Amino acid sequence: MTAPAQHFDRWWARLAALVLLLFGFFPVANWIPGGRDWPRYHGDLEGWIAGTTIVVGAGILYLIASRRYPSLWRSDALSSLIRGWAQHPRMASVALSISALILYAIVARVVFDGRPLLVDEVAQVFQARQFAQGRIAGVLDSAPELFSALHLIERNGQVFSQFPPGGPAVLSLGILIGAQWLAVPLCGALAVWFFSAFARGVEADRPGVSLLASLLFAFSPYMMFMSGSQMNHVPTLLGVCAALAACERATAIAASDLRRTTYAFLGGLGLGFAATVRPVDAAAFALPIAVWLIWHAVRDREMIMPLLASGVGVAIPVGLMLAFNARTTGAPLLFGYEALWGKGHELGFHAAPWGVAHTPARGLELVSLYFLRLQTYLFETPVPSLAGCVIALCLVPRLRRMDGVLLAGSALLVLLYFAYWHDGFYLGPRFVVCLLPALALWTARLIPEWRERWGRGTSYRILVATSIASVSLALGLSIPLRAQEYRGGLKTMRWDVEGAARAAGVRDAIVFVRESWGSQLMVRLWALGIPHSEAQALYHFVDACALERGIDSLERMRAHGGAARALLLPLLADSLRVVRSPFSADSTERVLPGSTYGPRCVRRLQEDHAGFTVFLPFLVADGERVVYARDLHARDSVLLARYPSRSVYLVRPPSDSDGASPRFWPISRDSMRADWARREVP
């Protein structure tokens, strides 16, 4: 590479460093008025300063001690490990991947109980069960409101998840082997394998860098916790890492024509698979990889066949996804997201499904939040997690082969989510999981680039000692505390439905699950044919009792669709006046000050205070001839008539106090019918 080319090439690294510095170290979201912000920024800043001071101080003390006792510093301390990594690449990568799998599996079972804890996970597990049973979708019940759930689409007699099929397909493999919770950890371990292969290729002359990058990638707490979940981000990362590794091999100088074509095809399969899980993430990396392969094909005609092979590889899984769409939503290019939420779910600056306008300013706020969160969740170190990456980007004299592809894909990922309205936060900023390859690789380059610039003197020793102290504090303090935090969260979703049912002797039964009044209102809106986006608006901006009256009237009229919308949407006229209900145990319910509540509305509030739970864990629960359904009062009669000989139970906690576990309460059919016979005015 010529000197001018190196100079130009270096400035791309500087630009990436500037972006990370701006959004990762400064509270850009807080500077934009009227939107989302990061209220804990000042606390974080104080923590970064204190944490960095502590570990740098430890580094200085170590330097002083090592000068007095030279045996404390061994420049060749890791040479045997690095040599083994370089001389036995397959064995070392297998050992690393297996170690990662064991860790991710422990996290899945110990931290997350091997259960889907977020609504996204539950919806995908539901779809995975359909796949495992050999079906494209579930069969829509004649009383769908008893079984409806957020992120499930009811269309043309079918029920299916809003998510693309790739994620549920991965989970279905776990279901088939009786370990649904193991599917994502396996994807994480495979991602480690492919990333280590990619890092080895890019850093062929620096095996220590590829080893450190692979360790950071595999054992980053961000990666560890995401791989223990049942979310679809790690399967997407697997596809991206496979594509990067295959693309690196396909364009290697020493590769034969057959190997190039094979690797390019496999890279295309990886991208195609990623597209079936999270199309936006796959598109971000597909474009720079395609440009890279086209550039090689222009320079070398022998690369035309690998270019075509990569296209074929992409087309196979994408074609399967489009066929799935055609069978479910009715059109190959109509994805579940849009079918459920409408055009507002798409990328771009417009009204979002919740009714909040997504603007460029809000996009900047979200990007700022993602990077500020990465400072903590990426490595959980006392030093800001992005610091090493930023410094390495500033020090590097030139970009290496494939660096441009990796940086371009990462930049496109951020740009695409800049144009997306939702704030994806769960176990960290989940929408940017596919930044991990770039962040791990560039962080691993910090120490060698520092050594190259300033030698092995005082500052180098302090840097190494500071890094060791920082990682030690993360391993001994921050990561265990984070695991404890996750372990103690989402208690309701962790409830062992099957175990509790067995302990209570529940079998051959109908079990009605008592949800909050607000949740009941929501599913009744869906049953009336109100689109999900409008149902969200009605629920959040209309007095709950006014909504109860409107829904009750429509149900008695048997109105649906347009007629229901015509009656309900005018209720939004008072949206600016409604406030959070002071009467309800459910903080999401709204009340119009000065409004009056009739007997039925008062009764629903009393039921909420008596205790309610969520239906989601029951949606994917198994039992001995047990039907789990949402309690919708008189509407429950449909199931009583369908199963005339089964015993009946109601599930709810004994009170609305925090931490109260649900219980199975046996109830008689006669008492239920007597209760429904009372006609109460809403």
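A cavity is here a set of grid points where a 1.4 Å probe fits but cannot get out, and its lining residues have an atom within 4 Å of a point. The model examined is a predicted one. One cavity of 30 Å³ or more was counted in this model. The greatest contribution comes from α14, which supplies three residues. By class, the lining of the largest cavity holds five nonpolar and five polar residues, and no charged ones.

Helix α14 also packs against another helix. The partner is α12 (residues 257-277); the two axes lie 7 Å apart and form an angle of about 30°. Angles under 35 degrees count as roughly parallel, and α12 and α14 are therefore roughly parallel to each other. The crossing of α12 over α14 is right-handed. On the α12 side, the contact is made by Arg260, Thr261, Ala264, Phe265, Gly268, Leu269, Leu271, Gly272, Phe273, Ala275 and Thr276. These residues meet Met305, Pro306, Ala309, Ser310, Val312, Gly313, Val314, Ile316, Pro317, Val318 and Met321 of α14. Of the residues in this contact, 15 are nonpolar, six are polar and one is charged.

The contact of α19 with α20 comprises five nonpolar residues and one polar residue, with no charged residue.

Leu118 is placed in the loop that runs between α5 (89-111) and α6 (119-132). When neighbours within four places in sequence are set aside, Leu118 is in contact with Met231 and Tyr426. Trp292 lies 174 residues from Leu118 along the chain, and the C-alpha atoms of these two residues are separated by 38 Å.

Key:
Residues are numbered from 1 along each chain as its sequence is written. This is a predicted model: local features need pLDDT of at least 70, side-chain atom pairs count only at pLDDT 80 or more; totals for chains, interfaces and linings use all residues. Side-chain values use heavy atoms; hydrogens and water are left out. On a 1 Å grid over the protein atoms alone, a cavity is a set of points where a 1.4 Å probe fits but cannot get out, and a pocket is an open set with protein on both sides within 12 Å along at least five of seven lines; lining residues have an atom within 4 Å of a point. Grid points are joined across faces, edges and corners, and a volume is the space filled by probe spheres set on the points. Helices (H or I, at least four residues) and strands (E, at least two) are DSSP runs, numbered from the N terminus. Ala, Val, Leu, Ile, Met, Phe, Trp, Tyr, Cys and Pro count as nonpolar, Asp, Glu, Lys and Arg as charged, and the others, Gly among them, as polar. Axes are lines fitted to C-alpha atoms, for helices over the stretch in contact, and angles run from 0 to 180 degrees between N-to-C directions. Angles under 35 degrees count as roughly parallel, over 145 as roughly antiparallel, 65 to 115 as roughly perpendicular and the rest as oblique. A crossing is left-handed if the near helix is turned anticlockwise from the far one by less than a right angle, and right-handed if clockwise. Contact means heavy atoms within 4.5 Å.
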